[in-house]
Amino acid sequence: MTVLIAPAAQRTLDKIGRRDPPAARTLRRLIGTLSEDPRPRGAKRMGGGSRACRLAAGTLRVVYLPGQPSTVLRVGQRRDVYGRCHSN
């Protein structure tokens with residue numbers, strides 16, 4: 001399956017890769033699971049009536065829309081990802 005990454009999420013992932021390569025590898029691994037299953041084990045729906053789901057690894061989050069293809073909306077630390085999601 002195909003996974004699309006929103007431009008803002010790609011920029012954030014690139015920035016994290018320069019600052020913290022292990023965190024970027026973890027985020028890429030989470031994104032990679034979406035190519036196998038749009039609702040992998042551990043995925044949870046976001047609240048507020050949104051279709052968005054999240055994947056977590058420690059304090060790292062991937063927020064995405066499941067489907068064909070799945071679309072990654074945001075990536076990063078929990079405090080940054082959720083703050084931006086609720087400000088929209």
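Residues are numbered from 1 along each chain as the sequence is written, and side-chain values use heavy atoms, without hydrogens and water. As the model is predicted, local features need pLDDT of at least 70 and side-chain atom pairs count only at pLDDT 80 or more, while totals for chains, interfaces and linings use all residues.

Trainee: Which residues of helix 1 are buried?
Mentor: Helices (H or I, at least four residues) and strands (E, at least two) are DSSP runs, numbered from the N terminus. Buried means under 20% relative accessible area, exposed over 50%, and partly exposed in between, with a 1.4 Å probe and protein chains only. In helix 1 the buried residues are Ala9, Thr12, Leu13 and Ile16.

Trainee: Which exposed residues does the face of helix 1 turned away from its buried side carry?
Mentor: Helix 1 has 13 residues and reaches 19 Å from its first C-alpha to its last, close to the expected 18 Å. That expected span is 1.5 Å times one less than the number of residues. The face turned away from the buried side carries Pro7, Arg11 and Arg18.

Trainee: How far apart are the end C-alpha atoms of helix 2?
Mentor: Helix 2 runs over 21-36. Its 16 residues should span 22 Å at 1.5 Å a residue, and this agrees with the model, where the end C-alpha atoms are apart by 23 Å.

Trainee: Within what arc do the buried residues of helix 2 fall?
Mentor: The buried residues are Ala23, Ala24, Leu27, Leu30, Ile31 and Leu34. They line one face of helix 2, because seen down its axis they fall within an arc of 125 degrees.

Trainee: What covers that buried side, and which residues are exposed on the other?
Mentor: The cover of the buried residues of helix 2 includes strand 1 (3-5), helix 1, strand 3, strand 4 and strand 5. On the other side of helix 2, the exposed residues are Arg25, Arg29 and Glu36.

Trainee: Is proline 38 buried or exposed?
Mentor: Proline 38 sits in the loop between helix 2 and strand 2. Contact means heavy atoms within 4.5 Å. Not counting residues up to four places away in sequence, proline 38 touches Met1, Tyr64, Pro66, Gly67 and Ser70. With a relative accessible area of 18%, proline 38 is buried.

Trainee: Is arginine 41 buried or exposed?
Mentor: Arginine 41 is also in the loop between helix 2 and strand 2. Its C-alpha atom is separated by 8.9 Å from that of leucine 55, 14 residues apart along the chain. At 88% relative accessibility, arginine 41 counts as exposed.

Trainee: What is the relative accessibility of alanine 52?
Mentor: Alanine 52 is in the loop between strand 2 (44-45) and strand 3 (53-57). Leaving aside neighbours within four places in sequence, alanine 52 is in contact with Lys44, Arg45, Met46, Val63, Tyr64 and Leu65. Alanine 52 counts as buried, at a relative accessibility of 5%.

Trainee: What is the relative accessible area of serine 70?
Mentor: Serine 70 is in strand 5. Beyond four places in sequence, its contacts are Thr2, Val3, Leu4, Pro38, Tyr64 and Leu65. Serine 70 is buried, with a relative accessible area of 1%.

Trainee: Near what omega is the peptide bond from glutamine 68 to proline 69?
Mentor: Proline 69 lies in the loop between strand 4 (60-65) and strand 5. The peptide bond from glutamine 68 to proline 69 is cis, with omega near 5 degrees.

Trainee: Which element gives the most to the lining of the largest pocket?
Mentor: On a 1 Å grid over the protein atoms alone, a pocket is an open set of points with protein on both sides within 12 Å along at least five of seven lines, where a 1.4 Å probe fits, and lining residues have an atom within 4 Å of a point. The largest pocket is lined by 12 residues, with Thr12, Ile16, Arg19, Gln77 and Asp80 nearest its centre. Helix 1 (7-19), strand 5 (70-77) and helix 3 (78-87) are the elements that give two or more residues to this lining. The element that gives the most, with 4 residues, is helix 1.

Definitions and conventions. Arc of directions from axis to C-beta.
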